[in-house]
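I opened a new entry today.

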Amino acid sequence: MNVIDRARRAYAPTTSPILTGRDAELQLFSQITAKLAAAAATPQDLPRLAMALLENRRVWAHLAAEVADQTNALPADLRGRIFHLFECVTLHSRRVLRGQADASVLIDINTAIMRGLNRAEAPR
């Protein structure tokens, strides 16, 4: 490594950008949806599909726990709809694992959530 490379490393930014809560949620949904889509493209790779489904269910389980908390600031109706989506994701994931359905519904649900998160960020 030469002097110029060492100088670049020494003066390079050391922090990553700070994400808002909504930005972090959007990034998380984007990543898990990409994994689901890639795994769904090769359903014969069951371990990969199972791992993507598990990660997606973990995200939804976390959301369900958050909206089940009575101190959550979201409106009760929205919290109820998010919890209902968690239940749908859980049931459909089981069907996908049993070979009775494909993951496209899960990808559609996540995509709709991402659209909602994007709209919420748009200036008014």
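How much space lies in the largest pocket? I found about 640 Å³.

I noted the ground rules next. This is a predicted model, where local features need pLDDT of at least 70, side-chain atom pairs count only at pLDDT 80 or more, and totals for chains, interfaces and linings use all residues. Residues are numbered from 1 along each chain as its sequence is written, and side-chain values use heavy atoms, with hydrogens and water left out.

I looked up what a pocket is: on a 1 Å grid over the protein atoms alone, an open set of points where a 1.4 Å probe fits, with protein on both sides within 12 Å along at least five of seven lines. A lining residue has an atom within 4 Å of a point. The volume is the space filled by probe spheres set on the points, which are joined across faces, edges and corners.

I then checked the lining. It holds 22 residues, and Glu 25, Leu 74, Ile 82, Ile 113 and Leu 117 lie nearest the pocket's centre. I sorted the lining by class: 15 nonpolar, three polar and four charged residues.

I turned to the helices (DSSP runs of H or I, at least four residues, numbered from the N terminus). The protein has five helices and zero strands. α2 (21-41), α3 (46-68), α4 (76-97) and α5 (104-121) each supply at least two lining residues. α3 gives the most, with six.

Last, I checked burial (under 20% relative accessible area, 1.4 Å probe, protein chains only). Buried residues make up 25% of the 124 in the protein.

Technical notes. Buried means under 20% relative accessible area, exposed over 50%, partly exposed in between (1.4 Å probe, protein chains only). Ala, Val, Leu, Ile, Met, Phe, Trp, Tyr, Cys and Pro count as nonpolar, Asp, Glu, Lys and Arg as charged, and the others, Gly among them, as polar.
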